[in-house]
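Good morning, everyone, and thank you for making the time. Please have a look at the model on the screen, and then I will walk you through a few places in it.

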Amino acid sequence: MPQLSRRVKSIKPFMVMTVLERALALERQGIDVVHFEIGEPDFDTPQLVRETACQQIRAGATHYTHSRGMPELRERIAAFNRDTRGVTFDPVSEILVSGGTSPLFLMALGAILNPGDEVLVCDPGYPCYENFVEFFQGRVVRVPVYEDHRFDVTPEAIQAGITDKTRAILLNSPSNPTGQINSEEILRIIADLATDHDFWIISDEIYAGIAYDNIKVPSITAIGGVRDRTVLLDGFSKFYAMTGWRLGYTCAPTPLVDDMVKIQQNFFICPPSISQHAGLAAFECGVDTSAMVAEYARRRALIVRGLNELPGVHCLTPAGAFYAFANVREISTNSLSLSRDLLEKAHVATTPGVVFGPHGEGYLRFSFATSLDHIHEGLARLRKYLTR
Ligand code: PLP
């Protein structure tokens, strides 16, 4: 076989998929597995979205669209951001729609990074960030966050990571895996640091709609003075339960969007046409999204209480997203082997905390995007395993 690229060699596989694949293999043997590993809503996409997509298929909306995304969808996204984040983006030049937020990361980082550039990333944090950065021969600089501080990022930790090579900070609020939400105060500090040291702020707000206790998730896009260095990423996967549709968008300064469009045109041509029509309909599904968030809130209460009742487990209440990040250090400081053991012996699938960075070691992530019944069953199995 001819030689393969060195670029991909350093990239790690997405561990959640490895856990899922083993869980599915057990299921094929007839074993019932409780899934807490999957970061995907168990809800079906709202009915109106599905109906709209069917209608559009019948109407023949099956062609390439504008490479930036359909103008009417970009206008609707602009209106949504004005209403929810209080920020106005120009739908013509500052918004780009693509097949999920994941390819938008590829385009944004591809357009921003040069080899050797450094990107600040929270640890624990979304594992793909590290791989995105390394793909472009950038270097990840970890910004540790600690349970003692409710996983809040601190100005000191960010400052400690800044060098003259810092090109960007990657934010994710609400956070996967901790559910932590950045306050307006810290966002202001980050905005000042980004201005002083001249780096980009890339803000992944894919869980922004999923927050509890009436918290309004602040967006760094609404902080004055950093519009020209801020990249907002949001998508339809989580809030609208549309993971399989592959739809997301970015709002960013025109020169960056223009460069990203060049990548989109060459590699992707345009976002999927049917999904874009579906996305337009999603904005009309407020009743469905409120019901989903209310159900996540019930599940959150059940799983956090249940985890804290287990011997050796401590779990903060996440402020947003649908993950409980449980401290299991009293049971094991090797989250990979604990997660494996739980899957093989208790048939409960979790994500090892170390997947989210070295500071995630000693934790397990439980996705509560699963039914109350499954959560009850999973907790019962964990109790049995831990008290055996
Ligand atoms: N960002 C975070 C923090 C995520 O958790 C995920 C998916 O799990 C994504 C981005 C990817 O989302 P999409 O389906 O829009 O590519």
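What you see is a predicted model, in which local features need pLDDT of at least 70 and side-chain atom pairs count only at pLDDT 80 or more, while totals for chains, interfaces and linings use all residues. Residues are numbered from 1 along each chain as its sequence is written, and side-chain values use heavy atoms, with hydrogens and water left out.

Let me begin with the loop between β5 (166-172) and α7 (184-196), where serine 175 is placed. Is serine 175 buried or exposed? Its relative accessibility is 6%, so serine 175 counts as buried, where buried means under 20% relative accessible area, exposed over 50%, and partly exposed in between, with a 1.4 Å probe and protein chains only. Not counting residues up to four places away in sequence, serine 175 touches Gln180, Ala321 and Tyr323, a contact being heavy atoms within 4.5 Å.

Threonine 178 is placed in the loop between β5 and α7, and threonine 178 counts as buried because its relative accessibility is 9%. Its side chain makes a polar contact of 3.0 Å with the side chain of serine 175. By polar contact I mean a pair of N or O atoms within 3.5 Å; within protein, one must be able to donate a hydrogen and the other to accept it, and residues adjacent in sequence count only if both atoms are side-chain atoms. Beyond its neighbours within four places in sequence, threonine 178 is in contact with Pro124, Phe151, Pro318 and Phe325.

The backbone of this loop deserves a careful look as well. Most residues other than glycine have a negative phi, and most peptide bonds are trans. Here, however, the bond from serine 173 to proline 174 is cis, with omega near -5°, and a cis peptide bond joins asparagine 176 and proline 177, with omega about 25°. Phenylalanine 151, which I listed among the contacts of threonine 178, has a positive phi of about 65° although it is not a glycine. Phenylalanine 151 is found in the loop between β4 and α6 (155-161), and at 4% relative accessibility it counts as buried. Asparagine 214, in the loop between β6 and β7 (230-235), has a positive phi of about 60°, but asparagine 214 counts as exposed, at 81% relative accessibility.

Next, helix α5 (residues 128-135). How many of its eight residues are buried? Six of them are, so the helix is mostly covered, and what covers these buried residues includes α4 (101-112), β3 (118-123), β4 (139-144), β5 and β6 (200-204). Just after α5, glutamine 137 takes a positive phi of about 60°.

One of its oxygen atoms is 2.5 Å from an N or O atom in the side chain of serine 102, and a polar side-chain atom of lysine 238 lies 2.6 Å from an oxygen atom of the ligand. The protein covers 92% of the 410 Å² of accessible area that the ligand has on its own, areas being computed by the Shrake-Rupley method with a 1.4 Å probe, and for residues only the protein chains shown count as cover.

Technical notes: Helix = DSSP H or I, 4+ residues; strand = E, 2+ residues; numbered from the N terminus.
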